[in-house]
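Please open the structure in a viewer and keep the selection tool at hand.

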Amino acid sequence: MTKSSADLRSPLIARRMDRVASFLAMDVLSAAAAKERRGDSVIHMEVGQPSAPAPRAAREAAKAALDLGRIGYTEALGMSALRERIARHYRDTYGVSIAPERVVVTTGSSAGFVLAFLSLFDQGQRVAITAPGYPAYRNILEALGIEPVTIPLAKADGWIMTAEAIEKAHAEKPLHGILAMSPANPSGTMIGRKALAGLGETCRRLGLWFVSDEIYHGLTYGEPASTALTSDDDAVVINSFSKYYCMTGWRIGWIVVPERLVRPIERLAQNLYISPPYLSQVAALAAFDAMEELEAVKAGYARNRAYLLEELPKVGITEMHPVDGAFYIYADIARFTNDSIGFSKRMLEEAGVAATPGLDFDPIEGSHYLRLSFAGSENDCHETVARLKGWLK
Ligand SMILES: Cc1ncc(COP(=O)(O)O)c(C=O)c1O
């Protein structure tokens with residue numbers, strides 16, 4: 001019996017796909033949903049999405065567009081009005097001037113990563129990411145045949161990626177780019193303006209691409225976040241309407257790229273996605289006019305953050321990363337377990353609190369970490385503490 005060409009290719013493909021791990025937060029979400037179907041109550045602290053709806057102005061704009069009825073394709077790089085509005089956002093928020101032509105509207109930042117990685121890196125090239133870090137980085141890079149190189153973060157460095165760590169990794173075996181994130185998921189730590197400029201300078205000197213994930217901008221509890229574009233015009237910046245703008249399900253985000261990448265990315269976008277969703281672009285444009293509503297949502301996160309930082313130590317969760325921004329607590333639970341997956345399963349089953357095992361974010365140290373998202377209601381945070389109090393004692 002002869003093998004088809006698909007069979008001959010399959011071991012290679014299988015090996016590549018095996019390296020794409022499952023997203024544990026989504027697995028916990030499924031287990032929590034199954035428990036709820038059995039009639040049990042679950043407090044959802046596992047998924048990083050705002051419980052608030054998209055701002056009213058965004059929903060109204062989408063309704064009006066829906067009533068007109070024609071929901072068609074747009075230009076592959078996005079509607080020009082939205083690209084211009086995003087460029088204005090950089091001027092208003094950071095004092096950085098960028099041409100609207102450098103803004104690419106994407107189907108969530110997730111599609112932005114695919115477009116950016118495909119246009120920046122060849123198969124086999126090496127890109128530095130952090131542990132802990134957002135799990136999809138590693139998995140998207142693996143799926144595209146690009147090698148993720150893990151930089152373990154250290155308390156001594158304030159849990160951020162440093163220029164020294166990049167230099168060291170590059171000296172061991174050359175890198176082609178780095179992926180930094182501030183504020184970070186899962187840790188909530190932020191890279192200050194000077195350190196961010198240092199990363200940009202190091203990348204320029206070593207000839208590396210600097211990709212900066214700024215999806216949690218707007219969600220900071222002290223100093224505002226800086227964009228990599230302030231110090232490095234050549235940085236590739238990733239952002240989204242999912243977090244600050246409360247629009248996860250609308251699947252709409254953007255990237256800012258150097259001018260020379262615009263046309264190659266346009267060709268990729270045309271072929272991979274045709275265009276980002278029209279209705280979501282209309283809504284996103286209106287979301288920029290909803291600052292009052294969005295700031296009120298953020299004030300709720302600030303209250304949740306303060307409450308959990310005060311109350312979790314009282315139930316035994318004492319070791320947490322600094323929560324400068326985003327909406328997560330990343331806690332070291334070594335005093336309870338070295339099996340974060342088993343621990344989160346038991347916590348869901350016995351206490352009815354869903355949280356994400358640290359192994360989602362860090363394949364090694366994550367075995368004794370847990371991530372709790374406080375993007376839900378104040379009541380969810382109070383109930384979490386009450387349930388953990390009984391369960392952890
Ligand atoms: C750091 C980070 N980047 C990117 C994303 C993807 O977001 P989206 O595709 O909804 O824009 C997430 C989602 O949780 C995230 O935490």
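**First stop: a loop with a proline**

Select P132, which is located in the loop that runs between β3 (126-131) and α6 (135-143). Helices (H or I, at least four residues) and strands (E, at least two) are DSSP runs, numbered from the N terminus. Show the backbone here: the peptide bond from A131 to P132 is cis, its omega being near 5°.

This is a predicted model, in which local features need pLDDT of at least 70 and side-chain atom pairs count only at pLDDT 80 or more, while totals for chains, interfaces and linings use all residues. Residues are numbered from 1 along each chain as its sequence is written, and side-chain values use heavy atoms, with hydrogens and water left out.

**Two further loops**

The peptide bond that joins S182 to P183 is cis, with omega near -10°.

Then select W159, in the loop between β4 (147-152) and α7 (163-172). W159 is not a glycine, yet its phi is positive, near 60°.

**The ligand and its shell**

Of the 15 residues around the ligand, S110, D213, S240, S242 and K243 come nearest. Colour this shell by class to find 6 nonpolar, 6 polar and 3 charged residues. In this scheme Ala, Val, Leu, Ile, Met, Phe, Trp, Tyr, Cys and Pro are nonpolar, Asp, Glu, Lys and Arg are charged, and the others, Gly among them, are polar. Helix α5 (residues 108-120) contributes the most to the shell, with 4 residues.

Which distances separate polar side-chain atoms of S110 and N185 from oxygen atoms of the ligand? For S110 the distance is 2.5 Å, and for N185 it is 2.8 Å.

**Last stop: the annotated domain**

Finally, select residues 42-388, which UniProt lists, in an unreviewed entry, as "domain: Aminotransferase class I/classII large". Across residues 42-388 the chain is 41% helix and 15% strand, and the end C-alpha atoms are 12 Å apart.

Terms used
A residue is near a molecule or strand if one of its heavy atoms lies within 4 Å of it. A polar contact is a pair of N or O atoms within 3.5 Å; within protein, one must be able to donate a hydrogen and the other to accept it, and residues adjacent in sequence count only if both atoms are side-chain atoms. UniProt positions are given in the numbering used here, feature names are shortened, and annotations may be inferred rather than shown by experiment.
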